[in-house]
Each structure stands twice: as structure tokens, then as C-alpha cells.
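Please find below a note on the model under review.

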Amino acid sequence: MKKHIIGTSLACAGLLTATAACSGSDSGSKSDGPVTVTVMTWESAQTNAAIDKALAGFKDDKITVKRVDTPSGGYGDKLASLTQAKKLPDLFWCGNDTEQQYTAQGLTVDWAKRITDGDGDFKAGNFVGSAMENWKTGDGQMGGLPSLMNTYGIWYSVDAFKAAGIPEPKAGWTWDEMYSAASKLANKGGAKYGLVADNLTSADAPFSMSMYSVSAGGAPFTDNVNHPTKAEADDKYVEGVTKLAAAIKSGSVAPPGYDASNVQALFSAGKVPMMVGGQWLAAGFQTDKPKIKYGFAPFPQVNTPTTLYDSVGICTPKYTANEDATYKVLQYLNTKVWDAVLPASPVAPPAYTPAQASYFDALTKAGQTTVVDTVKADLSAEKTVGVRFTTTWASQVADLTTAWYQPILSGKKPISDLQTYVGKINDLIKSAG
Amino acid sequence: MNRSRVGMSRSAGSDTRAAYLFILPPIIGFSVFVAYPLVRSFYLALTKYNGLTDPVFVGLDNFRRLFTVDPAFWPSLKATGYLVVLYVPLSLGLGLALAMFCNQRFAGVRIVRTLAYLPVVLPAIATITLWKFILNPQVGLANTILAKLHLPTSSWLQSPSMSMPSIVIVMLWGVGGTMIIFLAALQAVPTELYEAAKVDGAGPYSVFFRITLPMISPIMLLQVILQTTAALQTFNQPKILTGGGPGFSTNVLMLSIYNNGFSNLGRIPQLGYASAQVWVLFILIIAVIALTAKFSSLWTYSDNTPD
Amino acid sequence: MTTLPTDPSTEAPLALAGALDEPVRRPKKRRPLGTASWYATALFICAVMVVPLLWMIAIGLKSRTAVFEVPPKLLPHEFHWGNFIKGPQAIHFPRLLLNSTIITALSVLGGVMTAMMAGYALARLRFPGRKMWFYLFVGSMLLPGVVGLIPLFQLYKSIGWYDTWLPLIVPAFFGGNPLFIFLARQYFLAIPYSIDEAAKIDGAGHFRIFTSVMLPLTKPAWITMAILAFQASWNDFLNPLVYLYSSDKWPLSVGMASFISPFAGQTPDWSYYMATNLLYMLPPLILFFAAQRYFIQGLGSLGSTTQK
């Protein structure tokens, strides 16, 4: 074994200097023979095990489904290298932004026609409408299909709210109520901050703040995360930022830079009384029962209920060996696999609405009724705002956010600099055409 | 480096053939793994390239964007400089102190030396992740111990002012690497010099500044160069510990290059732009080495110069 | 420069070679510090180095929720030995251990072999271009590792090395770590030339001199190099992550990253991680303790071979 490897490597390297190729073991694929469809997820080991079990139920004489492992801690790096090497699996988990960028580069297969004309139940009309809309590119292509919806809200410790004598958050509560609760909860019972709000302070923060301005009847931060024509910070938006910056200054809300990677465990241990987070944390609470009583409330509002829109999905590279086979497996993933996975691990409501029942059933059975209510409310919220730009220059916006927006929140730059920040983003939008 | 070349080889022809046979692998390696990427990345620095479609030549546009538009570039240069200024003197100072400490004769000195070197042996990924948890403000070991001793605690990696010092603390846990080199240098100082100084009645401070430091100055020079170039290329610690944050406080050049060129979850890479950054880093390193070498004659001691 | 950047601390020992030209003598008794203060300091140093590792084991023994207890407890009150089984199981530890072992063994072999040969030629043979090649090799160690990352990835991919171990192993056989060449050359310079002359009179060629005279004489040098090469390959995370697609080819370093969660707010399983981390650290630890006679002391006394 070892000798063989040395031999091969030396031979290859020798040839290399003569710029000859030393081909690896590429597996070719035929279009009519048996096909292997590969699937790559970013899920945890437990969820992957459940997916494997469900995939075993996929029966087709000519199609074998194989899930390829990837370390979830390095999914981004992995995806980048697979893309460069043109070895992307037939079906890989992807964010809305990845789907938009990859499709714009012509890297993905276009499913738009198949899903619009879909036969049976598996058709566009059975998906959450906003998700379908957001997964389309400017020219109507779909490089992947949304699979799971991510909704956001406020996780709160019932115990901490009781101890502080404040009413628990519920649908319709206001931003002012949230900040006032945070200030009462801070520095109590081993908690440092009253509210940890990663979504409001991270690189995506400027987009989340649209919830405030839109709810108050103002304009969102950007008109469209996929095809923006402008960014803006109107009076209502500035008001929202001012309130948050004040709350951070007073020490009741965790500042930008707070490491959110362990926040779920700290919340369970009672050290974080209130946190902004996704519904997917519910699955973790199923396995590690928190010591505290907790609940999940929708985002606060000013006038109208407004929430974040986000979804993840499954993409397919243009060079997939057999489109029909891949689509069959994709359909199976979206329709059947969730029914098997979600009862054990209720991470998210499927974008394919007929599959949502199993998600809500699982949560109801586990007694997580506030999660059911909030997720349902979020999915039907009349006003949603996108979580981040999905454009190819989005990473430059993230840099601008770090340079301007976060210092504004931490009080290191004046609120008036918001307009400079917005101006720079508008320059980017213009130069990108 | 005074070497004797008594009876250097007679048969030059056969030597040349044998020598080139012996160094053929690194010559091939140098051409393929060093020269080629260097030339290629210089070309890429002048292009717009995403690794998927062919590079498009754009001249100095990447550099223009770097120096005038990119909000992350100057902060990342600043972070890199801060890291070097903080880490290199501390690493050299602590390393030398530790080496002098371990150069004494006490029972158990070998254990101290071995343990001081131990962190260097462990996988970087493993120790850095361990330290990330140690520095966790709520449940980490660092704050637990500090609180028990009634000392002020810190939010370490999560505080914009403490994040870089925290990274340097994690790097200094591996100071055994610097120590071991100084130890070798200290052991090479002729003992007669110390004996003579003793006879002259010199105190420990004057022994240190008049004998020890001058005698190890060539090693010190080498250490300054190596540690500085390595510090300029620090990557693992900020990548794992902070991801460059909070803000740009630990977004060193290497991390910025990596993010633009390779990572950035599901985003189209900007390989040409990253290559331009690589060249900025490269020129920085060359400048540091040139400057250090130029001024080294001011403070290094040498009895004779190598060829 | 084909290896990705490592932190300064792990690269530093190689710089030792500069000290090797100086003769080494054992230090005489010098005690500027009082005995009590010496031992107090020694104890402090040992604690700083060891306590984090003990704490790692303590975390590895806790249940996943106990890790986040408030206020944190230094020692576990329940011992979850099962973490040392379940943690490794979660990443298919035995398989990855085998992969790591093969990759590391071959890189060590290649790195040491090439460096010793090149060091021998650069130090003991006279040939045109000797200085030029030496400076080119050594100079290349000052290049930022990322220079190679982008072009080499494209190169490997175009010659079909993607998803093979070749990008992780082959560079070692071609002088992938120029520091080793530097180290080897310095070491060979310190060996008296009369030895070559004697061997030549006996009719030995360069290859025989190298294998049967020089290699035994330079044992501490190549053991030191082997340990450093082992560390570099065992620790390497980014190269295998970037080049290896199939999980059955991963080394341990990549497997360790499976514990980290990609989702905001979702806490990784720290007790499994720390338990597995200990197992991941064990091979380099064992190797280090087994060879430390050559390594720590050998490093310090490398130059003394001049007197042998």
C-alpha cells in the first residue's frame, strides 16, 4: 500500500515537470445505466443519521443515493474547494445567497421549468410563496429549490421574567418593551446582558433593523436583497438604530463582537435570559433539556407585525450526471425525507407545505407550543424583510458593515454616519450595475 | 559560521554530477511549488478571476481598490502590525527569560524545560480550540480562576480592545519554541567568559548585558527575522479564535486573503483580488527582512562574518 | 511554502540550526535565583503549561450540559467515561487515525529524506550554483504560504490530484519544507571533513558515504526533523480540508472540525470534542516523550558533534 503510493506520487511528480497529466480516478457516468446521486448536507451527525435512514427508503432500480460526509465546521471552505474543482455533489445544502450567486455564474442547473410544470403535488404552488419568489434569479432561473424555512424570534427564559416581575414577551409586544425588559434582566442571576441579539449586531444587522422601520411604516434598509436598486436609512430606521445603540451603551444588550457560538448552552443554563435566535434551536432543546422554563416569541413590532425572511435549500451543479435522476432524489428529499427526520429532530418547517405537518406535530408533541405559534405567525407575517444581500458583491457590504454599522452600534461612530454607510453601499450597487 | 574546508573534494566533475542528483528533488520542488505559484499569483494579481471562468486582465485595478476603496484593507494592515508589535517582543523576551531560567542547574529543571516545550508539540488546531473555550467569558477556565482569586475578569476574545492581546496570549503559550532556540544559544556561550566576569566582580546585570546578550545576538537576529515573518503570516489563531472580529480588530492580512480567495461560505471567490493582497504581504515581509538585516550591524556581535 | 502557514511557535525550533556552528559546553553551576524562588517560578511555569490540558480532560469527562454549569466547576462531579468512546465514534476515529498515520508517515519519510540528501550536497560537495540554490531554497521559506494556495489548487485539480493524498504527500518529497534543508546543511557543516576523506580513500562513492557514514552520524538531526515533519503533517488542517472530498480519506484534523456547528447559536458538543481532542493529541505526545532525549537535549547539543 505504502510503496504503491510512493511509486505513484513519484511518477506523477516526474511527469508533472514535463507538464504531462497524471489523471486521478475520475468516475465517469453514463446517462442510461445505473446512476449514483450524491447528497451533501451541513447537518449534525444525529440529523445526518436520520437522513440516511430516510434515504434508505428511496427505491429506484437505476438510482443509488449516496450521502457524502463533510465536517460541518468547515462547510464553507469545503464548498469553495468543491466549486473550484468542479466536483460539487449532485445535491448540496445551500443558502439562498449561495443559490443566487452560483446561478448568476451559470454554475447550477435550472429547475424553474420542472417545478412550475410539476406533476402531482410536487409543484411550485405547494411551496411557501415568498421562498419560491426569492429563489428565482432576475431572469427567472432556479439553481436549487428551497427546502427549509428559517424563522426568527426571541427565545426567553420564563423563570428570569418571573423573577424580575415583568410580563412575558408575546405576539404584538413592542421594541420598547423588549429593551426595557432587557435592562431589567441585565446583571441578574448570573446573567451579564439582558438580551443577546446576534441578528441585530452581526454582519446581517442592517437588514434585521428593517423590521423596525418597516413595522413603523418606514422604508426597509434595501428594496430587494436579490436585485437591489438602493439602500436607505430613513427617519424610522435611524430611530431603530438609535434605540439599539442606546440599549447597547447601557449594557443591557450584548455589543457587536459577542460570540454567539455557545449562546444556546448559556441560555439553557440560565445565563442568558433573552436571545434573538432561529427556530432551529428547538431541536437542540429537545436533546439537552434546559434547566429553565423557556418560550419563543415573535420579534417585537412598532405598529405592524414584521419578521425576517430566510430559507435554505438544496442546489444542483450544472454538470450533474443525470438531471432526471437528481430531480427524483430532490423530490424525495423535499417530500418524504422531512417526514422521517423532523419528528426526531424538529429543526425547521419545510418549504414544501404538505411536509410541514410532521414538523408542527413533533413540536406539539414535545410541548413546545410557543415555538409552534411563533413559527406559524412568522410564516404568515404580512411583512418580511430579507436577511442579507445575495449578490456577488455581498461580501463587500459585510466589510462596510464591519467598518461603519457595527461601530455606530457600539457608540464608536455617531449615528449620523449611517448616511455615509448607506451612501457607500449605494455606490457599490451602482458600480455593480 | 566559521567553517573549515580542509581537503574539500578533489574531483569537481563527479561532485557536480552527484550534487545535482542529490538536490534534484528540491530543485523540481522549488520550480513547481515556489517559482511557478509566485509568477502565477503575480499575474493573477493583475486580473479579475473567480477560478471558474478565465482571468480577465484589469491592470492595477485590484491594487487601486485595495488602497482606496476597500474598508477592510487598512484595518487589516493595522491589525497585522499590532500583532507583530505585540507578539514579537513578548515572545523573544519571555523566550529568553525562560531559557535563562532553564539554563540553571536545579533538580527538576528538565521537567520544567519539557513541560514548557510541551504545547509546541500539540496540534495547533487542538490547542487553539481548547484556548477558545478557556477564554470563554462565562464558563471558561481563565475567568473562573481569575474570579476565584478575586482578580478582574475580561471578555477576552469578544472585546475589541482585548481580542488581539488574547490572541497573543494564546500564541505565547507556545513560547517554548522560542525558548529552546535561546537555550541552545545560551549553552554555546563559552563558560570562560562568565568565569572571567566573575573574577572581575561583575554583577548579574552587567554579565547579562555585557556577555550574554552580545554573545547570543546572532541568534537574536535570526529569531527576530523568523518570528516577525511568521507573525506577519499568523492565520490559525484568528481564524479559529475570532474569525477576524470583533469588528476588524483581529482581521489580519492572511485571514483577509483567505476569506477573499478561498472561503466566505458559498460566495464566489475573488482570486485576483486575493492575489493582489498576497503580493502586498509578500512585499511587507521582504521589507521587514531587509530592514532588520540592514540595521542588525548596529546591535549584533560577530567575531567574523560568514561567506 | 507549499505548506500552509503554521504559527510561529511551531516553526521556530528549526531556527536552532543557526546556533549549531558554535561549540556547546555544559553550563556550570550558576544560580542567580534563590532556591525557593526558583522552585516557585518553576511551579508556576509548569502549572501554566499543564492546567489547560487537565481542564481539557475534565471537560471531556463532563456531560454536555454540565459543561455550561453556572458557576463553572473545575472538576466534574459525575464522570462520563463514555465520552471517550462516543466522541471518537462520532467521527469514525479508527479510520481517520489510519489515514493520518499513512499521510504523516509518508510526508515524514519524504521530508527527511530529501532534506538530508540536499543538505549533504549543499554542505559537503563543491559544485557550480551551490550558493545560489542554497539561498533560493532558504529564501523560499520566507514566502507567505498563501502564495501557493490559489495557483497550486488549480494545478493539482488540473492534473487530477484533487481528492487524493498526493497534494499532502508529494511536496514533501520535493523539499516542501525548506527549513529542513537549512537544518540539514547546518548539521552537515559541523562534521569534520576528514571523515569523508577517510571514506573516499576506502573507495566509497558519494552515495555510500551519505548512507553508511553520514546518516548514522546525523541521527539527532534527522530524528529532530522527523518529529517536526510529523507535527506539521499531523496538524495540517486546511490542506486536507481543501483537497480531500471523500470522508474516508480524511485525516483526523479534518474529522475534529465535524464537532463544530455551523449554525448561529447552536452549541457544539464540547465534552465529546475535548475527549476526542485528547486522543488526537496522544500520538504526537507519545512520540515527543519517546524521542525527547534526542529532541530537547539533542537540539541543544547538536553542535557538540564537532567534538566527537
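Predicted model: local features only at pLDDT ≥ 70, side-chain atom pairs only at ≥ 80, totals over all residues.

1. Residues are numbered from 1 along each chain as its sequence is written, and chains are lettered from A and ligands numbered from 1 in the order in which they are written.

2. Chain C is divided into domain 1 (32-80) and domain 2 (85-307), with bounds that come from an automatic or database domain assignment. The C-alpha centres of domain 1 and domain 2 of chain C are 32 Å apart. Nine residues of domain 1 of chain C are in contact with seven residues of domain 2 of chain C, contact being defined as C-beta atoms, placed from the backbone, within 7 Å. On the domain 1 side, the touching residues comprise four nonpolar, three polar and two charged. Here Ala, Val, Leu, Ile, Met, Phe, Trp, Tyr, Cys and Pro count as nonpolar, Asp, Glu, Lys and Arg as charged, and the others, Gly among them, as polar.

3. Helix 4 (residues 109-121) of chain B and helix 2 (residues 35-61) of chain C have axes that come within 9 Å and cross at roughly 30 degrees. Helix 4 of chain B is therefore roughly parallel to helix 2 of chain C (angles under 35 degrees count as roughly parallel, over 145 as roughly antiparallel, 65 to 115 as roughly perpendicular and the rest as oblique). Axes are lines fitted to C-alpha atoms, for helices over the stretch in contact, and angles run from 0 to 180 degrees between N-to-C directions. Val112(B), Leu115(B), Ala116(B), Leu118(B) and Pro119(B) meet Ala42(C), Ile45(C), Cys46(C), Met49(C) and Val50(C); the residues of this contact divide into ten nonpolar, no polar and no charged.

4. Within chain C, the axes of helix 5 (residues 130-139) and helix 8 (residues 178-189) come within 8 Å and cross at roughly 130 degrees, which makes helix 5 of chain C oblique to helix 8 of chain C. Phe134(C), Phe137(C) and Val138(C) contact Pro178(C), Ile181(C), Phe182(C) and Arg185(C). The composition is six nonpolar, no polar and one charged.

5. Lys59(A) lies in the loop between helix 2 (45-55) and strand 2 (63-68) of chain A; helices (H or I, at least four residues) and strands (E, at least two) are DSSP runs, numbered from the N terminus. Lys59(A) is exposed, with 7 other C-beta atoms within 10 Å (20 or more would be buried, 12 or fewer is exposed, and in between is partly exposed). Lys59(A) and Val329(A) are 270 residues apart in sequence, yet 9.9 Å apart in space, C-alpha to C-alpha.

Conventions. Contact = placed C-beta atoms within 7 Å.
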